[in-house]
Amino acid sequence: MTDILNALVLMLNFVVIPATSYGAQLALGALGVTLVYGILRFGNFAHGDTMAFGTMFTIFFTWLFQSVGISFGFLPTALLALPFGILVTSLYVLGMDRVVYRHYRAKRSAPVILTIASVGVMFVTNSMVRFMIGTDDQRFADGERFILKARAFKEWSGLREGLKFKTTEGLTILVAAIAVIALFWFLQRTRTGKAMRAYSDNEDLALLSGINPERVVMVTWILTAALATLAGVLFGLDKSFKPFTYFQLLLPIFAAAILGGIGNPTGAIVGGFVVAFSEKFLGYVLPDTWKPEGLMQLLTVDYKFAVSFIILVAVLLIRPTGIFKGKVIKG
Amino acid sequence: MRPIILFFLMGLALLAVGFAQSWAVMLVILNLCLISAVMSVGLNMQWGYAGLFNAGVMAFTAIGGIVAVLISEAPVPAGWAAGGLPILFSGFLVAAFIGAIYALRRFVSKGWIKNWGTVGLVVLAYFVIRPFFDGGVTSVEAINAASAGHLGGLGLNILVGWFVAAFVAAGVGWVIGRIALGLRADYLAIATLGIAEIVVAVSKNEEWLTRGVKNISGLKRAPVPRETNLQQAEWFQNFVSNFTGLTPADEAFKQTVIEWSSVFVKLCFTALFATVLAIVLFLAIRALNSPWGRMMRAIRDNEEAASAMGKNVVMRHREVFILGAAIMGVAGAMLTTLDGQFTPTSYQPLRFTFLIWVMVIVGGSGNNLGAVLGGFLIWFVWIEAEVAAQWFSTGIEGSLSGVLDVFIVNIGSFEIQVKDFTVWLKNATPHFRYLLMGLVLLLVLRFSPKGLIPEASAARTR
């Protein structure tokens, strides 16, 4: 009996909890990609760097708050700084839309031209981040580190294995859940959300029925900026902030979006969790002895991108539309 | 006319560097300009001829580099003795399983047996091969990790490596093409982005193959001589003394020989790279103007119409993707040859993938001369932007130093001093070129989408 419990705890500790919080981060990222894809109709290569940009400003505000002595009790100060980070990122992204993307939208350029433009935006955003905060690692998590400490759990349960639950992991799951519920409520119930879905389904029909396209685009960018900043900050709190890592997140994020069916928000969430869980599961496989040092690594950590890639390849070969038949945005 | 003027201006810019900085610097830039031009001709085939978005140029250049190393480096006998056999055997097993999967997919018609059988074979292969492979790798990497610790290569001339690089890169291109072509354009972009990350991860981690982050250096680079050998050679010393009038007895002679040998070696590389570029360019232009090239452009401009005319769009895309990949592979092998070493950590997507994109877009998508010009111009700007930024920031620093400690701004309890600003400026200077590249790409795409040397035939309707 205790063996099974120990195994369960081990599983929770090394796979389920980290994968759930990583999955939530990927899901938020993939939602941003999928919204841009569904409504603006192009693959946004600048998304990873937008995440880095938003996180950077959140870090700046965190430092500002810390220096004047504002803190958030046992929660990280970054949560207080988050709205300001989102605000700045929204303004930045809207500015980019204004000076870059709007032109191609008006010309009705091919999606791939918009994607190339997003490469330009990626370069610019990347240089902004490099200018302002540099390329080094930044840790900005403060407050209580653990909700549940391994030792405390061992003493309480009497089991051999300890269970730890980091505050950042709990926070990620909670905040992501709230954000996703809010987003779905917005898309399903509000006038603007319905307009966005209509625009995504059929642009011409939506225009005929009097939907203001510029407004739809504006709201989409604000939502994208909010999701990107949220994903970036939660990832940064959980691990650390390093601009290049954020660029590399592009691959698992796109894999998640394509797996779920690109343009489909539900799919993006499911895809995010599938990618995260497969990465963690393939990282470890449990042999018959349930010791942590007996955890055999199926793939070394360096090859975690290979997991996203294999999933991607499998989807492309077997079901190119993704799990939830993508292309259009459905609530 | 326009290309001639633009290339003439480019030449002037390079000459200006020669006079203002030094001829050695100019030749370093020129050699990398030539390599960049080959890369951008390769990408231009994929994007300019066929409209394919390849976000993994880095994959093919890195493969080219690895292949050049594996062909040219001398074999490490200790490594082979320690674990060569198990690694060879696992390579054989990989081939056997691929054969089995191929046979399964070829001869079994039931869909679900096909798919699940494939999955089963892949998993089985993993568990069968892993013990042999791991054992071999561990023993290879264990021997004298500081100098050996890998298998080494075949010890052939590195020029052979350039050819093999083309074929290996083409092979990887074929696999990617099989998977992602014929689906939506974004899928190809993501698949190539993924393969690029994986190739670089492999080169960083598989020490038995590439020594990973320990790098492989001191590659042979026949037919180009080494500087040190050249300095000893009698004919070269005579050559220098004939030209300069110095004799070996003179004080300045030794220094002059060293300088001249460096320039001479760089000129050899220039000649070699220029030959490759000329051949690739000739073939690329011929291909574009052939019936095949016309068909490619027809497909690019209107896929449905071309398809209705009976053209096999997916097959043509696959062809052009493979050709472009092969050219990128050659360029990658050339780069490794020039560097004399293979450094996995230097492979960054912004530098090796997206910079090449800027070259093609700026030069003129669909025009080979444009791609060459873009390669030259953008590499030149990429290098010189840093010099310019350095110069600029030193200037600001100098003019600010007088007021340095006087000016203090208070925000909350933040103190921002001018001194901090100059420190910041110094750190920020190397990042300036990323901003510049982004702006160049966005401006060209917006105001001159056809690039500096537009495509010759009818205007594109994108």
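This report describes cavities, a surface patch, salt bridges and backbone features of a predicted model.

## Basis of the model

The model is predicted, with local features requiring pLDDT of at least 70 and side-chain atom pairs counting only at pLDDT 80 or more, while totals for chains, interfaces and linings use all residues. Residues are numbered from 1 along each chain as its sequence is written, chains are lettered from A and ligands numbered from 1 in the order in which they are written, and side-chain values use heavy atoms, with hydrogens and water left out.

## Chain B overall

Chain B contains 18 helices and two strands. Helices (H or I, at least four residues) and strands (E, at least two) are DSSP runs numbered from the N terminus. The C-alpha trace of chain B spans about 80 × 65 × 60 Å along its principal axes. Of the 462 residues in chain B, 49% are buried. Here buried means under 20% relative accessible area, exposed means over 50%, and partly exposed lies in between (1.4 Å probe, protein chains only).

Rolling a probe the size of a water molecule over the atoms shows where empty space is left. Two cavities of 30 Å³ or more are found in the structure. A cavity is a set of points, on a 1 Å grid over the protein atoms alone, where a 1.4 Å probe fits but cannot get out; lining residues have an atom within 4 Å of a point. Grid points are joined across faces, edges and corners, and a volume is the space filled by probe spheres set on the points. The largest cavity holds about 90 Å³ of space.

The lining of the largest cavity consists of 13 residues, and N44(A), T50(A), V93(A), V121(A) and W221(A) are those nearest its centre. At least two lining residues come from each of four helices of chain A: α2 (47-68), α3 (78-107), α4 (111-133) and α9 (213-238). The greatest contribution is that of α3(A), with four residues. By type, the lining has eight nonpolar residues, five polar and no charged. In this division Ala, Val, Leu, Ile, Met, Phe, Trp, Tyr, Cys and Pro count as nonpolar, Asp, Glu, Lys and Arg as charged, and the others, Gly among them, as polar.

## Nonpolar surface patch on chain B

A nonpolar patch on the surface is formed by M1(B), I4(B), I5(B), F8(B), L9(B), L12(B), L15(B), F19(B) and W23(B), which together have about 1,000 Å² of accessible area. Patches are made of residues with over 30% relative accessible area and no salt bridge, and nonpolar side chains (Val, Leu, Ile, Met, Phe, Trp, Tyr) are joined within 5 Å. Accessible areas come from the Shrake-Rupley method with a 1.4 Å probe, and for residues only the protein chains shown count as cover.

Helix α1 (residues 2-20) of chain B gives the most to this patch, with seven residues. One member, I4(B), lies in that helix and is exposed, at 58% relative accessibility.

## Salt bridges

Side chains of opposite charge can pair when their charged atoms come close. Ten salt bridges occur over all chains of the structure, a salt bridge being a side-chain nitrogen of Lys or Arg within 4 Å of a carboxyl oxygen of Asp or Glu. In chain A, D238(A) pairs with K166(A), with the closest N and O atoms 3.6 Å apart. This pair links distant parts of the chain, since D238(A) is in helix α9 and K166(A) in strand β2 (residues 165-166), 72 residues apart. Both D238(A) and K166(A) are buried.

In chain B, E455(B) and R300(B) meet in a salt bridge at 3.2 Å, N to O. E455(B) lies in the segment after α18 (432-447) and R300(B) in helix α12 (residues 291-301), so the pair ties together parts 155 residues apart in sequence. E455(B) is buried at 12% relative accessibility, and R300(B) is buried at 8%. A further bridge joins E386(B) to R433(B), with the closest N and O atoms 3.2 Å apart. E386(B) is in helix α16 (residues 368-400) and R433(B) in helix α18 of chain B, 47 residues apart. E386(B) is partly exposed at 26% relative accessibility, whereas R433(B) is buried at 17%.

## A charged network and positive phi angles

Salt bridges with shared partners join R41(A), R108(A), E203(A) and D204(A) into one network. Most residues other than glycine have a negative phi. Phi of R41(A), however, is near 65°, a positive value, and phi of R108(A) is near 55°, also positive.

R41(A) lies in the loop between α1 (2-40) and α2 of chain A and is partly exposed at 28% relative accessibility. R108(A) lies in the loop between α3 and α4 of chain A and is exposed at 56%.

Conventions: 1 Å grid on protein atoms, 1.4 Å probe; cavity = no way out; pocket = protein on both sides within 12 Å on 5 of 7 lines; lining within 4 Å. Patch = residues over 30% accessible without salt bridge, like charges linked within 9 Å, V, L, I, M, F, W, Y side chains within 5 Å.
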